[in-house]
Amino acid sequence: MTRPPPLELLRSTHQFPCRFTFKVIGRCEADFALRAVAAVCRALPEGPPPAHSLRYTAGGRHVAVTIEPEVASAEKVLEIYVHLRRLEGLVLLL
């Protein structure tokens, strides 16, 4: 069985507009979490930053940033992923 293209998959599994969860894991640098939230904000209309939380690994080498913006469309989700993939220090993006 083949998977549908990402746009079709998003449209079939989400009802837009909706809150969408991005999990971004990166090196524990002083500003990684701020840069991750800013990357999401670049694709959103002006307003307050989206809800987000941080979780640090036990060894303190990495930080997981969960960001939950309200997104208007599947296209907007893919645009946000493009911004997040460009983050310096990125280890994993879910």
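Modeller: Start with Y81: its relative accessible area is 14%, so Y81 counts as buried. Bear in mind that this is a predicted model.

Colleague: How many aromatic pairs does the structure hold?

Modeller: There are three aromatic pairs. One of them is F20 with F22, a tilted pair with 4.9 Å between centres and 55 degrees between the planes.

Colleague: And what about the rings of F22 and Y81?

Modeller: Those centres are 4.9 Å apart and the planes are at 65 degrees, so that pair is edge-to-face. F22 sits in strand β2 and Y81 in helix α3 (residues 74-85), so the pair ties together parts 59 residues apart in sequence. Ring pairs link F20, F22 and Y81 into a cluster.

Colleague: Is F22 buried or exposed?

Modeller: Buried, because the relative accessible area of F22 is 0%.

Colleague: Where is F20, then?

Modeller: In the loop between β1 (18-19) and β2 (22-27). F20 is counted as buried because its relative accessibility is 8%.

Colleague: What does F20 touch, leaving out residues up to four places away in sequence?

Modeller: L10, H14, I67, E68, P69, V71, V77 and Y81.

Key
Residues are numbered from 1 along each chain as its sequence is written. This is a predicted model: local features need pLDDT of at least 70, side-chain atom pairs count only at pLDDT 80 or more; totals for chains, interfaces and linings use all residues. Side-chain values use heavy atoms; hydrogens and water are left out. Helices (H or I, at least four residues) and strands (E, at least two) are DSSP runs, numbered from the N terminus. Buried means under 20% relative accessible area, exposed over 50%, partly exposed in between (1.4 Å probe, protein chains only). Contact means heavy atoms within 4.5 Å. Rings of Phe, Tyr and Trp (its six-membered ring) pair if their centres lie within 6.5 Å; planes under 30 degrees apart count as stacked, over 60 as edge-to-face and the rest as tilted.
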